[in-house]
Amino acid sequence: LGIKPEDIDCPIGVFGLPEFGTGFVRQMLIETKPKTFTDLIQISGLSHGTDVWLGNAQELIKNGTCTISEVIGTRDSIMITLMYKGLPAKTAFKIMEDVRKGKGLKEEYEQVMRENNVPEWYIESCKKIKYMFPKAHAAAYVYSALRIGWFKVYYPEAFYTAYFTVRADDFDAEIMCKGPDVVRRNMEDIKRKGNEKTAKDTNIYTILEITLEMYARGIKFAPIDLYKSDALRFQITPQGIRPPLNALQGLGTAAAQSIADARMNGEFISLDDLRMRAKVSKTVVEILQKHGCLDGLPESNQISIFSY
């Protein structure tokens, strides 16, 4: 990405990538250091399973017992691994089915696994698992993440524009368009809330992380413009990424679309004209004023005779 870990307070650049951008999976990536597509499939499987990573594979990797490539990551890998060890295909399948459903291992299965030199750590890992993710699903998720990651590296403006458009409901232009220092301050404010932070705080924090990364890569936001901004979509412009009208908190989708429809019939000549033609409330107009979108627009259509 052409940035340093301290620029975004994270040693890896996976913000915004589906399945890999959450704090939980980022920590998994840091600990496991994946090197291949198969390793990423393992991580996807581990992150979707129950009692597969925490208290299980995580400890095995930390202790050096095995690597990310060797741990049990997906349900399919159990059957394949046991078949390679010499177990009959039918037995390997039955073991996989029991383990993936959280039923553990029958004594007879443990015995046949030991007879075929299956490591003790592998047997104990199977007994802890409550649910396992299918490999095909994990592969599909990883493939999608890699495709999006390619755009993030080579077409960053397109990546951030698409991301913000999808997450527009939680985007707050008053915070995120004011530069990296303001973004950092708001991130710290949310951190200080600790367990008291709301679900919305968490969603906003995720977007703040992406925004900070965008600034670190030298990409900026263009000002929201009454005529140039789209109603709902972020746009790539020579001045930077231009947020849509509904990126202003309090200015909803309906109001944004109404303004966009009204401006097609010509520029607004006053605040009164805007309110009347776009059918928006005084509150919406005040939000636009606060963000500098209505600078130079008079209050009324009427001209005072005292100015002559």
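Okay, so let's start with helix α14 (residues 253–263) and helix α15 (residues 271–278): their axes, which are lines fitted to C-alpha atoms over the stretch in contact, come within 9 Å and cross at roughly 105°. Angles run from 0 to 180 degrees between N-to-C directions. That makes α14 roughly perpendicular to α15 (65 to 115 degrees; under 35 is roughly parallel, over 145 roughly antiparallel, and the rest oblique). The helices here are DSSP runs of H or I, at least four residues long, numbered from the N terminus.

A quick word on the source: this is a predicted model, where local features need pLDDT of at least 70 and side-chain atom pairs count only at pLDDT 80 or more, while totals for chains, interfaces and linings use all residues. Residues are numbered from 1 along each chain as its sequence is written, and side-chain values use heavy atoms, without hydrogens or water.

So who meets whom in that first pair? On the α14 side we've got Ser258, Ile259, Ala262 and Arg263, and they meet Leu274, Arg277 and Ala278 of α15 (contact means heavy atoms within 4.5 Å). Sort those contact residues and you get four nonpolar, one polar and two charged. Asp, Glu, Lys and Arg count as charged, Ala, Val, Leu, Ile, Met, Phe, Trp, Tyr, Cys and Pro as nonpolar, and the others, Gly among them, as polar.

Next pair: α7 (residues 107–115) and α8 (residues 120–128). Their axes sit 10 Å apart, at an angle of about 155°, so the two helices are roughly antiparallel. The crossing is right-handed, as in the near helix being turned clockwise from the far one by less than a right angle (anticlockwise is left-handed). α7 brings Glu110, Met113 and Arg114 to the contact, and α8 brings Glu120, Tyr122, Ile123, Cys126 and Lys127. This contact has four nonpolar residues, four charged and no polar ones.

Now look at α12 and α13. They pack at about 150°, with axes 10 Å apart, which makes them roughly antiparallel. Their crossing is left-handed. The contact includes Val183, Met187 and Ile190 from α12, and Ile204, Leu208 and Leu212 from α13. In total it divides into nine nonpolar, two polar and four charged residues.

Those two helices come back in the largest pocket. Along with α2 (23–32), α9 (135–154) and α10 (156–166), α12 (180–192) and α13 (199–216) each supply at least two residues of its lining. A pocket, on a 1 Å grid over the protein atoms alone, is an open set of points where a 1.4 Å probe fits, with protein on both sides within 12 Å along at least five of seven lines; lining residues have an atom within 4 Å of a point.

How much space lies in the largest pocket? About 490 Å³, counted as the space filled by probe spheres set on the points, which are joined across faces, edges and corners. It has 25 lining residues, and Gly16, Gly21, Tyr163, Arg167 and Thr206 are the closest to its centre. The lining splits into 13 nonpolar, six polar and six charged.

The second largest pocket holds about 290 Å³. Of its 15 lining residues, Gly13, Val14, Leu17, Leu40 and Leu146 lie nearest the centre. α9 gives the largest share, five residues. Here the lining is 11 nonpolar, three polar and one charged.
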